[in-house]
Amino acid sequence: MSTKTVPTKTRFDLKLGMATREAFGKTLAKLGAENKDIVVCDADLSKSTYTSLFAKEFPDRFFECGIAEANMVSIGAGLASAGKIPFVSSFCVFVMNKGFEQLRVNVAYPGVNLKVVGTHSGISIGEDGPSQMSVEDLGLACSLPGFTVLSPADEVATVALVRAMAEMRGPVYLRAGRMKAPIIYQPDQTFAIGKAIELTEGSDVSIIATGLLVSEAIRAQEAREKEGVAARVIDIHTIKPLDREAIIRASETGAIVVAEEHLVESGLGVRVAQVVAETHPCIMEFVGVKNTYAESGAPEDLLHKYGLVARDVAAAARRALARKRQAPALIQ
């Protein structure tokens, strides 16, 4: 069964917490004190990725690899082959795009125990501009056989999933963001890799979201509730392996909206659609970056311009419900 929680409305204050990249760095430093086999590689971005916290505490177990993500991945793969638990970190766009061949040949093919963390995901890095925005990384990571792919929504989820990835065997990619993320979960929330979390119940439409878009999905659900619509919100923190049972149950509402800060052509949405097509076809709408790159700008402005806020998720839910009413035969 999927992990399931149905919190009360007062639980979703959505106050800003720390960025998921910061939660990653702080958790990694704590793990370093607990397990001497954990080592860390960074690509000249340790202050931004927060691996500098680990470096300060354990300088002999920290390796600065310079602006050379491909080499860093290979070094990490070697450390994993020697029995260490290496974390390699850089911006998503650099570690995944520049390091992809090494991730494929040196990590995925032999199945080594490497932990890859990409920070500054999506377009919400803002003013750094398109060369540093990663809108392809989840698709690339999911294409690597044997990889587990994680996308936490807030600091609580990040802490739990970083700990979980350190404990499991095999290659893992975790996506973290630059922006401060709204706090969704209570500190005692449990997480299991591969198990989605149902945040709200609803029988009219299901909103499946990941990462920064989970909080926007909650806001959209609250807006639709005022309109008399019962929307189910599901946090898919594990993109691979997917929680197929949760998706099948979501499809039974007859309408699904998938929301992500990623290209819609290659991210969570297409993976959910594959499960839906194989098991229980229903109406689907997709919220994400649509066949384009963004430009430099304030993060909030970019998220609004490219349709990645609650208003857009709610609009997609309205479209899905309208289509559902017009095509009842599809959902029987």
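A: First, strand pairing: two strands pair if DSSP finds at least two bridges between them. Strands are DSSP runs (E, at least two residues) and helices are too (H or I, at least four), numbered from the N terminus. This is a predicted model: local features need pLDDT of at least 70, side-chain atom pairs count only at pLDDT 80 or more, and totals for chains, interfaces and linings use all residues. Residues are numbered from 1 along each chain as its sequence is written, and side-chain values use heavy atoms, with hydrogens and water left out.

Q: How many bridges join S2 to S4, and how do they run?
A: Five, and S2 runs parallel to S4 (residues 85-91). Ile-38 has Ile-85 as its bridge partner in S4.

Q: What about S2 and S3?
A: Those two are parallel as well, with three bridges, S3 being residues 62-64. Here Asp-42 is partnered with Glu-64.

Q: Is S2 mostly covered or open?
A: Buried means under 20% relative accessible area (1.4 Å probe, protein chains only). In S2 (residues 38-42), five of five residues are buried. Ile-38, Val-40 and Asp-42 cover one side, while Val-39 and Cys-41 sit on the other, all buried.

Q: How much of the protein chain is buried?
A: Of its 332 residues, 61%.

Terms used:
Buried < 20%, exposed > 50% of the residue type's maximum accessible area, 1.4 Å probe, protein only.
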